[in-house]
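Let's take a look at this one together, starting with the ligand and moving on to the salt bridges.

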Amino acid sequence: MGKFLNSRLKDLVPYDTSEEIESMKGYMRLNTNESPFELGPEISKAVKDSVKEMNFYPDPDCRALAKKLSELLEINPEQIILGNGSDEILNFIFTGFCEKGAAFPDITYSFYKILAKFHGVDFLQVPLRDDFTINPEDYTNLNGRTIFITNPNAPTSLFLSLNSIEKIIAQNPESLIVIDEAYIDFGGDSAIRLINSYKNLIVTRTFSKSRSMAGGRLGWAMTNYELAKDFRAVKNSLAPYNINAMTQAAALAILEHEEITQKNLKIIKTVRENTKSALREIGFEVFDSAANFLFVRHEKISGLKIFEELKQNRIMIRHFDHPERISDFNRITIGTPEQMQAMLEALKKILKG
Ligand code: PMP
């Protein structure tokens with residue numbers, strides 16, 4: 001690190017995006033849980049039309065978009081704050097709402113730890129049970145730490161029941177609880193319906209997975225009126241015009257064609273179940289996934305070997321070196337039926353040796 005970087009940041013370990021860049025060069029991308037479905041002409045048209053107003057700053061409150069989202073989710077638009085990806089939403093939370101520290105599972109979305117370190121937020125990693133599930137009883141005596149729960153969790157793909165989520169919220173009235181629902185559209189009950197019943201709940205979502213817009217960068221938070229006011233103040237102090245006009249237009253058009261999202265979701269869920277069965281038939285242990293990816297390990301071959309050999313076949317999946325207890329697992333994004341077929345064929349060849 002050079003001498004101009006703040007000394008507090010000298011040990012910075014940023015999010016590793018190298019595999020994602022490499023995967024763009026002709027690889028089948030099954031490593032970052034994106035949607036395999038391209039956006040259609042309706043969306044291209046909306047984006048093209050938005051260019052006409054690009055000489056103006058975009059709407060800082062994304063009013064048209066928030067209104068449409070609020071109708072879909074049956075909440076009030078004032079309860080929605082949009083972010084440049086849900087990563088930005090998480091960054092706002094670490095910036096403005098983590099004075100007493102953070103707590104999250106030891107195996108979960110890796111960005112929480114990166115953000116905690118960046119902001120100098122003291123963090124506690126709560127071990128998952130041996131079967132990789134979250135035990136709500138482990139989330140007690142947290143002294144006001146902000147608690148982050150990804151549901152369904154990543155990379156495990158497992159869903160925690162809404163009853164258990166509610167238990168964590170209710171038993172920690174001094175903590176803010178963030179339920180990261182990046183993958184909720186693929187399975188499980190949302191915690192949205194709890195946001196008006198509790199003072200300490202924020203639910204976050206993204207357009208990156210179920211709505212084919214990882215490249216457009218859009219996520220959002222939903223919470224009660226009081227917290228939403230504070231959240232908006234944090235956001236408008238850091239990045240008032242955080243959502244560009246093209247992304248706002250694309251997202252609005254996506255919501256106006258909700259039937260396309262629903263159709264794609266149905267396909268992904270069917271392909272997920274078929275792929276799960278096919279993988280089990282060839283000796284993989286596969287968790288019951290509520291997300292758009294599968295968390296798998298093979299009885300005979302190491303996770304690293306499978307990852308490397310698929311890579312040689314130009315298929316990228318996600319391998320985790322650490323923590324130790326998931327080093328034999330890989331995470332595979334659900335793609336199109338054709339992509340899954342090609343991946344299964346490649347795996348069968350690898351297994352034959
Ligand atoms: N939360 C979870 C659990 C994720 O897996 C991701 C995607 N890597 C994000 C949040 C961030 O998504 P985005 O910034 O694309 O909205």
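How far is a nitrogen atom of the ligand from an N or O atom in the side chain of Asp-180? That distance is 2.7 Å, which makes it a polar contact (a pair of N or O atoms within 3.5 Å). Tyr-183 also puts a side-chain N or O atom 2.7 Å from an oxygen atom of the ligand, and a polar side-chain atom of Ser-208 sits 2.6 Å from a ligand oxygen. The protein covers 92% of the 400 Å² of accessible area that the ligand has on its own (Shrake-Rupley method, 1.4 Å probe).

A quick note on the source: this is a predicted model, where local features need pLDDT of at least 70, side-chain atom pairs count only at pLDDT 80 or more, and totals for chains, interfaces and linings use all residues. Residues are numbered from 1 along each chain as its sequence is written, and side-chain values use heavy atoms, with hydrogens and water left out.

Now the salt bridges (a side-chain nitrogen of Lys or Arg within 4 Å of a carboxyl oxygen of Asp or Glu). The count comes to 19, including these:

| Pair | Closest N to O |
|---|---|
| Asp-122 and Arg-145 | 2.8 Å |
| Arg-211 and Asp-185 | 3.3 Å |

Arg-211 is buried, at 5% relative accessible area (buried is under 20%, exposed over 50%, partly exposed in between; 1.4 Å probe, protein chains only).

Terms used
Polar contact = N/O pair within 3.5 Å; in protein donor to acceptor, adjacent residues only side chain to side chain.
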